[in-house]
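Reader: I am new to this structure. Please walk me through a few of its features, one at a time.

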Amino acid sequence: MTVALIVAAGSGERLRAGQPKALVELAGRPLVQWSIDALQALDSLERIVVALPPGVPAPAGVTAVEGGAVRSDSVRRALAAAGACELVLVQDAARPLLTPELAGAVIAALEADAEADAAIAAVPVTDTIKAVDVLGAVSETLDRSRLWAVQTPQVFRRSALERALAVDPEQLAQATDDAWLVERAGGRVIVVPASDENLKVTTPMDLRMAELLIQARLRQRP
Ligand code: CTP
Ligand code: MG
């Protein structure tokens with residue numbers, strides 16, 4: 001049994017929209033609704049829990065909880081409302097181009113690998129990535145052939161995610177994704193090739209890009 005958690009409680013400071021990012025309109029609907037719709041199209045999910053900013057009403061068909069101060073805290077609060085399940089899918093509301101096919105593929109990858117604690121959507125990096133020191137000088141050029149940019153959805157064995165989240169608040173605040181917490185705890189995380197269309201809306205430019213991609217998708221499958 002799989003439960004999906006959508007974290008949507010961030011303030012969206014970098015988007016500068018004057019309201020929480022999850023509520024910003026994208027092709028006529030709130031950003032968070034696109035992830036809800038994609039996950040509701042999957043038959044295999046037991047429940048969808050959404051972590052929202054305080055005072056935001058629950059969208060139809062989901063369990064809503066109030067999010068926390070940092071992302072992992074929102075994950076932890078949503079997990080507490082998940083009920084019984086073996087697998088937990090975590091999705092950022094900031095990735096509205098999620099497809100049911102991608103979510104299904106990440107769940108299937110974890111189900112197929114008994115040794116793995118988590119499976120995460122990711123794409124090979126296309127830019128050359130350099131590490132830069134505090135003085136602004138390059139200290140290292142990383143081997144691009146081994147680098148993947150990770151996305152959501154990320155799917156976890158519930159026990160592994162619970163263990164990973166049981167760390168002190170400082171470590172929790174540092175985590176930009178939950179898989180990192182599982183890696184730190186010695187867990188095995190596998191990647192599932194995704195599409196670069198599954199972009200994260202962080203800046204106003206990302207929102208424009210997402211709007212173009214969603215409109216194109218709607219023209220193909222209205
Ligand atoms: N998130 C959350 N609770 C928080 C912080 C973030 O649920 N306390 C969620 C966001 O809603 C988003 C996802 O985590 O769906 C990824 O975070 P990010 O893209 O950083 O969103 P924001 O924190 O809202 O944006 P910013 O950092 O620009 O303020
Ligand atoms: Mg943030």
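**Reading the features**

Author: Start with a pair of helices: α2 and α4 cross in a left-handed sense. Keep in mind that this is a predicted model.

Reader: Which residues of α2 and α4 make the contact?

Author: From α2 come Ser-72, Val-75, Arg-76 and Leu-79. From α4 come Arg-158, Leu-161, Glu-162 and Leu-165. Look at the spacing along each helix. An α-helix has 3.6 residues a turn, so residues three or four places apart point the same way.

Reader: What classes of residue does the contact of α2 with α4 have?

Author: Four residues are nonpolar, one is polar and three are charged.

Reader: At what angle do the axes of α2 and α4 cross?

Author: The axes of α2 (residues 71-80) and α4 (residues 158-165) cross at roughly 135 degrees and come within 11 Å. Angles over 145 degrees would count as roughly antiparallel, and 65 to 115 as roughly perpendicular. The angle here makes α2 oblique to α4.

Reader: Where does Ala-80 lie, and is it buried or exposed?

Author: Ala-80 lies in helix α2. Its relative accessible area is 69%, so Ala-80 is exposed. The cut-off for exposed is over 50%. Now look across to Glu-162. Ala-80 and Glu-162 are 82 residues apart in sequence, yet their C-alpha atoms are 9.7 Å apart in space.

Reader: How many residues of helix α1 are buried?

Author: Buried means under 20% relative accessible area. In α1 (residues 31-40), eight of the 10 residues are buried, so the helix is mostly covered. Leu-31, Val-32, Gln-33 and Trp-34 are among them. Ser-35, Ile-36, Ala-38 and Leu-39 are buried too.

Reader: Is Asp-92 buried or exposed?

Author: With a relative accessible area of 10%, Asp-92 is buried. Find Asp-92 in strand β6 (residues 87-92).

Reader: What does Asp-92 touch?

Author: Leave out residues up to four places away in sequence. Asp-92 then touches Val-7, Ser-35, Arg-71, Thr-152 and Lys-200. Ser-35 is one of the buried residues of α1. With Arg-71 there is a polar contact: the two side chains are joined at 2.9 Å.

Reader: Which residues other than glycine have a positive phi?

Author: Arg-16 is one of them, with phi near 55 degrees. Arg-16 lies in the loop between β1 (2-7) and β2 (25-26). At 66% relative accessibility, Arg-16 counts as exposed. Ala-27 also has a positive phi, about 45 degrees. Look for Ala-27 in the loop between β2 and β3 (29-30).

Reader: Back to β10. Is Gln-154 buried or exposed?

Author: Gln-154 lies in β10. Its relative accessible area is 1%, so Gln-154 is buried.

Reader: What does Gln-154 touch?

Author: Again, skip residues up to four places away in sequence. Gln-154 touches Val-88, Leu-89, Val-90, Ala-119, Ile-120, Asp-177, Asp-178 and Ala-179. A polar atom of the Gln-154 side chain lies 3.3 Å from the backbone nitrogen of Ala-179.

Reader: Where does Thr-176 lie, and is it buried or exposed?

Author: Thr-176 lies in the loop between α5 (169-174) and α6 (178-184). Thr-176 is exposed, with a relative accessible area of 69%. The C-alpha atoms of Thr-176 and Leu-89 are separated by 16 Å.

Reader: One last residue. Where is Val-192 found, and what does it touch?

Author: Val-192 is found in strand β11 (residues 189-193). Val-192 is buried, with a relative accessible area of 8%. Beyond residues up to four places away in sequence, Val-192 touches Ala-105, Val-106, Ala-109, Ala-119, Ile-120, Ala-121 and Ala-122. Ala-119 and Ile-120 are also touched by Gln-154. Val-192 and Leu-102 are 90 residues apart in sequence, but 8.9 Å apart in space, C-alpha to C-alpha.

How values were computed:
Residues numbered from 1 in each chain as written. Chains lettered and ligands numbered in written order. Predicted model: local features only at pLDDT ≥ 70, side-chain atom pairs only at ≥ 80, totals over all residues. Heavy atoms only, no water. Axes fitted to C-alpha atoms, helices over the stretch in contact; angles between N-to-C directions. Helix = DSSP H or I, 4+ residues; strand = E, 2+ residues; numbered from the N terminus. Parallel < 35°, antiparallel > 145°, perpendicular 65-115°, else oblique. Left-handed = near helix turned anticlockwise from the far one by under 90°. Contact = heavy atoms within 4.5 Å. Nonpolar A, V, L, I, M, F, W, Y, C, P; charged D, E, K, R; others polar. Buried < 20%, exposed > 50% of the residue type's maximum accessible area, 1.4 Å probe, protein only. Polar contact = N/O pair within 3.5 Å; in protein donor to acceptor, adjacent residues only side chain to side chain.
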